[in-house]
Amino acid sequence: MAVSPIHPPVDAEESELRVTERKTSAAGAKAVAVSMRRSLAEQGVVKTARNLLGLNQVDGFDCMSCAWPDPEPGERHTAEFCENGAKAVAWEGDRRRVGPEFFARHSIEDLRTRSAHWLESQGRLVHPMVRRGGGAHYEPISWDDAFGLIGEHLRALASPDEAIFYTSGRASNEAAFVYQLFARAFGTNNLPDCSNMCHESTGVGLAQSIGIGKGSVSLRDIHEAELIVISGQNPGTNHPRMLSALERAKKNGARILAINPLPEAGLMKFDNPQHARGMTGIGTRLADEFLQIRSGGDLALWQAFGHLLLAAEERDPGTVLDHDFLDRHTHGFEDYAAHVRDLDRDAVVAATGLDWVQIERAAAMLLASERTVNCWAMGITQHRNAVATIREMVNVALLQGMIGKPGAGLCPVRGHSNVQGDRTMGVWEQMPDTFLDALRDEFGFEPPREHGHDSIAAVQAMAAGRAKVFVGLGGNFSQAMSDTGVTEPALEQCALTVQISTKLNRSHVVAGTDALILPALGRTESDLTGGRVQQVTVEDSMSAVHASRGRSRPAGELLRSEVDIVCNIARATLGDDHVVPWAGFAADYDRIRDRIGRVVPGCEAYTEKVARSGGFTLPHPPRDSRQFPTASGRAEFAVSPLTVTTLPEGRLVLQSLRSHDQFNTTVYGLDDRYRGIHSGRRVVFISPADLRELGFADGDRVNLVSEWTDGTERRADDFRLVSYSTPKGCIAAYYPETNPLIALDSYAEQSRCPTSKWVEVRLEPATAAPAM
């Protein structure tokens, strides 16, 4: 049985798709050339210079392309940005405009036939637009009428829980705070966000193990580490500024262990374009050891590491484990030790696809290190056993006392620039009562206590007609979410969809009966809301909070800041006599920051702290004082079963990933030069062994069909096979093109993160007729 197939439009350029050899180094002169060419073409000379020189600077604006931390104020390079950061700025600074004339020419049905890349390449949104009553076109609307329409729909709901308030990680702390405040003042905790889809497993796993869902390192710890382990991550594309930190660590003597199903150029060699060596291609070798692991094998690998460390301690007592740390700061060690001592080595080899000698060699690197930083990203978090895997990583760190120690710790590398700040500010469907109590005491209303919908539950509620209004503060929900064939019809069932956006995307054309597009200021643009120059704040992956101030003239006179838009939606819904001073918040963001300081833990005197050069770092008890806010008051060891998943004959495991010309769902272009892909995205990376065994050849066209235990199938058609270095049985392809293959109810245990890195599929020749 097949689930409603989705056949999204394909770029015409796909017919020009060509494949070359993959690269073995990242950045260099080519990255500079691509950055400048894109930026000059889209922004022009003056705007390029203004924006790039302000990017990630103390008196400038924070890059929207990732959450990697900035160096200290006195240590920043004049060009403190990477290729993808420059692309993101050029994308936002686009000189083209999408206004009423554009929507008069293009019906919604016409726009549905366009590819995601085409939609986002049309330019900046500059006028509020409305679709009424399922009409064929978006039409212009005034801001006041748009706010009034939203208020009318929200007040007409039978329950506040019929509304969904989604946000992406691009929103500032100020926008996120007023957004969650409005949702709760309205009466719901339905606050899904992009964390649900990416690093939710990290938050859950770390909270269980160390009592706080954030990483425990600073940028200085990366620089001072003896060993850096990088699992399920591609920093060369997704966090390129991390390469500079890795290069510095290498020069300080660090070793790097890379663990990933695919070899990534950025973990082989970094040609730093800020130095002559990098520009001439000499560069810095990064990974000392590469474990090409099978997708989903990381839990087994980290149990093997624990097993080998314990065995080394038994051979030479007192030389491996940090017994003082274990005795004073941990709980559950004996149960964990008994579990991994009895490890099935054959099961580890089967699960990882590695030989035991490789695993021993990598464990020896851990054994030799006094200061280890463990980094990971979505290659770890998007598996069914993701939470357990993260807890296994923590187990190994606890054995050697690698938390609360300079040059050591846990380093989840988050993607979106302020996704961690969103959560800190309260954008979560499960905020604890202590936070809700603080809101009540500060603002004088009783917030709802029942947990709200995460992203999966939001889709289910819309599909069932239990949620009728969807508001998206940034992002591209229809493309970010799994199971596109369910998600898009669910959005279309809404009575109202509201997208607060900078550019056109697919979520605008899978719209509700009534639909609004509200154009927002971008991160690069100056904000004169309330007749004064405003600034916002963001939090990076390492809990550092700092100011961001756009420099460029807004793309249009009608653009409004996200803070202003949210506050005016609140006024139109709740009235001007509401206990929350919405108009005052929009006029002066310092008033929001003052309230943040009184509500959000760790943000006391927030207004004053963010005024400092470089901002401040939020407290983190395990990092700062080895205090663990768990129920036991200690870091918790976890015991997790090791299972080996076997596949039926002819089946493969698909993982989805980004191309180098992409940030999350935003596709800047159709090249992935590090992997040798040009002018196309519908490719499947597959091992030569699997090609032979399945009877296919490099370059064949195939359809992907995912299979689920409930008997359903999902399809994504017409992909080109590319012979590539990947473990046998494991293939890879880009998202969002492969999101239709992931069932909505396939998610990580406990965290409900979609299993985008483990999708069981079969390949059919592209000429095969789709199953009915």
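Predicted model: local features only at pLDDT ≥ 70, side-chain atom pairs only at ≥ 80, totals over all residues.
Where is Glu446 placed? I found Glu446 in the loop between α22 (433-443) and α23 (455-463).

**Glu446, continued.** I looked at its side chain next. The side chains of Glu446 and Arg449 are joined by a polar contact of 2.8 Å. Glu446 and Ala697 lie 251 residues apart in sequence, and from C-alpha to C-alpha I get 63 Å in space.

**A three-strand sheet.** I moved on to an open sheet, where three strands come in the order β2-β10-β11 and the pairing is mixed. Which strands sit at the edges? They are β2 (26-27) and β11 (284-285), since each of them pairs on one side only. I then zoomed in on one pairing: β10 (residues 269-271) and β11 run antiparallel and are joined by two bridges. Lys269 has Arg285 of β11 standing opposite.

**Thr284.** Is Thr284 buried or exposed? Its relative accessible area is 12%, and buried means under 20%, so Thr284 counts as buried. What surrounds Thr284, leaving aside neighbours within four places in sequence? I listed contacts with Glu247, Lys250, Lys251, Met268, Lys269 and Phe270. With Glu247 there is also a polar contact of 2.9 Å between the two side chains.

**Two helices side by side.** I noted down a general point first: two packed helices are described by the angle between their axes and the distance between the axes. For α1 (residues 28-43) and α3 (residues 83-92), the axes come within 9 Å and cross at roughly 5 degrees. Angles under 35 degrees count as roughly parallel, so α1 and α3 are roughly parallel to each other. Who meets whom? From α1 I wrote down Ala31, Val34, Ser35, Arg38, Ser39, Glu42 and Gln43, and from α3 I wrote down Glu83, Ala86, Lys87, Val89, Ala90 and Trp91. Sorted by type, the residues of this contact are six nonpolar, three polar and four charged.

**Strand β27.** Which way do β27 and β29 (residues 713-723) pair, parallel or antiparallel? I found them paired in the parallel sense, over four bridges. For Ile686, the bridge partner in β29 is Ser723.

Methods: Residues numbered from 1 in each chain as written. Heavy atoms only, no water. Pairing = 2+ DSSP bridges. Buried < 20%, exposed > 50% of the residue type's maximum accessible area, 1.4 Å probe, protein only. Polar contact = N/O pair within 3.5 Å; in protein donor to acceptor, adjacent residues only side chain to side chain. Contact = heavy atoms within 4.5 Å. Axes fitted to C-alpha atoms, helices over the stretch in contact; angles between N-to-C directions. Parallel < 35°, antiparallel > 145°, perpendicular 65-115°, else oblique. Nonpolar A, V, L, I, M, F, W, Y, C, P; charged D, E, K, R; others polar.
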